[in-house]
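Hello,

Here is the model for you to look through. My notes on the helix packing and the chain contacts follow it.

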Amino acid sequence: MDTLVFVLAGAFATATPLLLAALGELVVEKSGVINLSVEGMMAVAAVIAFVITYTSGSHLLGFVGGALAAMLLSLIFAVLVLVFSANQVASGLAVGILGLGMSALLGRSYESFTLTAPAKITVPVLSNIPLVGPILFQQDLVVYLTIAASAGLIWFMQKSRNGLVLRVIGEDPHIAHNLGFRVLRTRFLAILFGGFMAGLAGAYAATVLTPVWSQGMIVGRGWIALALVVFGTWRVLRVVIGAYIFGALLLADLAVQSLDIGIPSQVMTSMPYLMTILVLALVSRDALRIKLNAPVALGENYRPAH
Amino acid sequence: MNLRLEIVPRTAPSTQALMMVPAITIALSVLCAIVLFTALNHSPSLVLYSFFVEPFLDSYNLSEVLIKAGPLILIAQGLAIGFRAKVWNIGAEGQLTIGAIFAALIPITWPQSQSALMLPVMILVGGLAGAAWASIAALLRTRFNASEIIVTLMLNQIAFQILLYLINGPLKDPRGFSFPQSVPFPEAAMFPPLVEDSLLRANMSIWLVLLISVLAWVFVARSFAGFRLLVGGLAPNAARYAGFSANRAIWISLLAGGVAAGIAGVGEISGPIGKLQPILSPGYGFAAIIVAFLGGLNPIGIVLAGFFMAVIFVGADGAVLAGIPASAPVVFQGFILIFYLASYTLVNFKFRRVRGGTV
Amino acid sequence: MTKFKAVMTFATVLGLAAPAFAEAPLNIGFIVPNPIGEVGWDYELDRGRREMQEHFGDKIIVTAVDSVGEGPDSTRVMNRIVAQGADVLFLGSFGHMNDGLALAKRRPDLAVLHAGGYLNEANFATYSPKHYEAAYLCGMAAGYATKNGQLGIVAAFPLPEVLGIMNAYVLGAKNANPEIKDAKVVWLNSWFDPARNRASAESLVAQGADVLFSLFPGTPAAVAAAEELGVYVTTTLSDNSEFAPSKHLCAGQVNFSAIYIDQVNKVLNGSFEGVDIFAGVAEGAVEVAGLSDDLSEDQRAAIFAKQEAIRSGEFKPFSGPIVDNTGNEVVAAGNQLDAGMIKGMNFLVEGIDSELPY
């Protein structure tokens, strides 16, 4: 039972960096741009946030610094694909490489330094409910804020005018342009938002989830976030659920080991990727495509005609 | 804002600009490197000497450049075929891994064999296995419309987990003290050295790489099939009108990438490594994407770009010995690609001064 | 990049610059696989190097490089260091083995010292500390400290050395407290993944463990987690007290300089051999450190007494009868495991609730 609570409660915190980064990437992809540098942005944000929190003692400053650092990288990406019309796949990988290199370079002298993580919030009364209490009502502030941000993003995507503009641009930038929407400006803002969220994700990973600096702080979680957007079929709520499932899977791998079930660890580690491929194959069939909100123009650069 | 610069497409790609792109890229990257290394309290001239001069100073470093360039060029040739058709295979790393695993089954099964057939069969099996792994992405893309970018990316991670499982389990060397690695391969499974009885590690696989580069050049520049891929990528409607199938372009692209990466995997296990181990490739699959773009998706350009990247990799190790943090060269490589991508715009676009107007 | 250096390099390649002049300092190359940090494998290797340099002063010059990972690229760094005139090469990762061996075969005048491998050549020595001796002692501390008898172990990879440490730990715990339950194990299958490391600690505590053992993790994340979760933690390689000031129970501290100084002396006086060096408490290579004040005087005395018994050779941790966790007797009463069997450890002792993953 304790193991179950461990997995179900811990999954929130484990899922939070994945979810933050995935929400950002979702907005980017909805605008028709794919940014493969999530891993690199998270890594840079992680080290900057760690160093700032370590030096200043303020987690808030760490988050701000991490977000700004990742936004700076996303700015490079935005300039490459929007101003220079460079290929999105190559640009994302290039910025990602720069980010990973920067992260290792800056983190070098902080190897195995530690921070104090902010205390978890124990909601009075509610956290005493058996089973549900420790799972839902003993999390840190960022977990609750991330869930709130997800709700805000659902509203933005479905109800707000700007959300609609974003979606139209991702579907067909030429039509959007003809309708009078500013394609490049919208994409620019979307990419910066993606950087901001990846920055928060990296900051959370390094200063709250695991307040110890080590190389490999992010180790593949940026790629999982990319998978998550697809797993959630570009829908915020599904991405939230997917993040929770992936978070639980990452912990279940560890919990299962001591339960003598005999599943090789590598199978468990592969599960998020296998599930993403499966979901992608199931949902990408043409008939369903429109319903599923996959941005049609994903990966295609747009230049206004003259 | 009355006067502003605007980027407008050229009617035809500019050859003149194409020639200038590498020069601009290198100039800007070197500038950034000087700033970076000065900031790190290292003499930039010493670092640049390590990067660009030292690799050419002796036969050992030149041999290392060949070792590094081989897989980069090979994989990039395969990927470029797909990239020309706008099929984004990001999964060369996984295809390399699967190619290496299946090829390795042969020497692991017959560790005493001295058959001259072993290496050729390994190359064949490695290429086919790489292609088979890539075909998962091709199938999902053509049958289910699933993005090959995501699928190949996911397959990288899965391939790595398969490798870890096998070398920790069924393929583990029983006399290897439980370390995660296979038995060492017999000599028949290894590429013969380029120079007999020398200290140099460079091997005959470089000829295979150059041969495949020639084939890629013929395929892209001369053959009808190459034209088809070009058209399929650039204008799907035109391709369909002319009776070409977009699905076929996807299959050819991914299979070509898979074969090349699979063979590159054999080149590693039958070259510098000589067994299966957890780390088969120091990121060749991703670095090759950079090489493909640096080479302008052109087979000859890719050979040059592959050697250029290899020089930087080998030079980086020298820089590390000179006291530069191991991560600094990675940052430098990031700069190079970013500046290349930005300056490549000049090939297809030109700057024009305009008055007013909105974007 | 002076002309002189180029000439020297050339001479070295020809094998002319062997340590011929008594007054010329011994040129040592030293590579470790990861960033140095403040505790753990790379830190301890590097601390050994620093102490070695202090000891020998200007009799040696050392080129130290960190973050030289495994894989085909590490070879190039080794070769460069040797081409630049190194007479002795320290390799800090198991993954450096094959390329190091090839280099040693090509350069018979070079002395190579490789950490953690299992193959030797005339000029290629391997070294490893007997971590298991200190692990037995920390196991005793764990046996004393546990309230509910549930131990939890976070381990990196199921390598033979790791199995040996784990077995000795549990044997030590049972020696101190015969009533303990079967220890639970989580395998990380990675060296560097702080989040996974930390989650493993949380997972074990959720399953009731009140003493954790952080066995060869690449990061101190599990140790820091133990402090937060309020459970004791024992550690390997370094005293990790700073990461768990109130909950650090015991550490199996290694001192590589004991091995390094001995071996460099052998190179200097020409008696270096490519043998396997297995050094423990007796050689000063391993000791308990960072014992918690929560242990009673008697308990601490018992641990130190056992350490002295190990030092004198009177006690050996792997003394029969030892039964593995599938019920087979692996060591009969009166017998002991020899060094080869310890280094090739491929079983878990009774009292460990885990199957070998493969």
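**Helix packing in chain A**

Helix H2 (residues 38–56) of chain A and H10(A) have axes that come within 7 Å and cross at roughly 135 degrees. Axes here are lines fitted to C-alpha atoms, for helices over the stretch in contact, and angles run from 0 to 180 degrees between N-to-C directions. H2(A) and H10(A) are therefore oblique to each other. Angles under 35 degrees count as roughly parallel, over 145 as roughly antiparallel, 65 to 115 as roughly perpendicular and the rest as oblique. The crossing of H2(A) and H10(A) is right-handed. The rule for handedness: left-handed if the near helix is turned anticlockwise from the far one by less than a right angle, right-handed if clockwise.

One caution: this is a predicted model, in which local features need pLDDT of at least 70 and side-chain atom pairs count only at pLDDT 80 or more, while totals for chains, interfaces and linings use all residues. Residues are numbered from 1 along each chain as its sequence is written, and chains are lettered from A and ligands numbered from 1 in the order in which they are written.

From H2(A), A:Val38, A:Glu39 and A:Met42 meet A:Arg221, A:Gly222, A:Trp223, A:Ala225 and A:Leu226 of H10(A). By class, that contact has 5 nonpolar, 1 polar and 2 charged residues. (Ala, Val, Leu, Ile, Met, Phe, Trp, Tyr, Cys and Pro count as nonpolar, Asp, Glu, Lys and Arg as charged, and the others, Gly among them, as polar.) Residues are in contact if their C-beta atoms, placed from the backbone, lie within 7 Å. Helices (H or I, at least four residues) and strands (E, at least two) are DSSP runs, numbered from the N terminus.

H10(A) also packs on H12(A), at an angle of about 30 degrees and with the axes 9 Å apart. That makes H10(A) roughly parallel to H12(A). This crossing is left-handed. H10(A) brings A:Ile224, A:Ala227, A:Val230 and A:Phe231; H12(A) brings A:Pro272, A:Tyr273, A:Met275, A:Thr276, A:Val279 and A:Leu280. The contact of H10(A) with H12(A) has 9 nonpolar residues, 1 polar and no charged.

Next, helix H7 (residues 161–171) of chain A. Its buried residues are A:Leu166, A:Ile169 and A:Gly170. (Buried means 20 or more other C-beta atoms within 10 Å of a residue's own, with C-beta atoms placed from the backbone.) Seen down the axis of H7(A), they fall within an arc of 100 degrees, so they line one face of the helix. The arc is that of the directions from the helix axis to the C-beta atoms. They pack against H1 (2–30), H8 (173–178) and H9 (183–209) of chain A.

**Between the chains**

Chain A puts 44 residues in contact with 38 residues of chain B. On the chain A side, helices H3 (59–83), H4 (88–107), H10 (221–231), H12 (265–283) and H13 (286–292) each give two or more residues. H4(A) supplies the largest share, 13 residues. That side divides into 28 nonpolar, 11 polar and 5 charged.

The contact of chains C and A takes 33 residues from chain C and 27 from chain A. H7(C) gives the largest share of the chain C side, 8 residues. The chain C side has 16 nonpolar, 10 polar and 7 charged residues.

**Chain B**

Chain B has 13 helices and 2 strands. Of its 359 residues, 56% are buried.

Best wishes

Key:
Two residues are in contact if their C-beta atoms, placed from the backbone, lie within 7 Å. A residue is buried if 20 or more other C-beta atoms lie within 10 Å of its own, exposed if 12 or fewer, and partly exposed in between; C-beta atoms are placed from the backbone.
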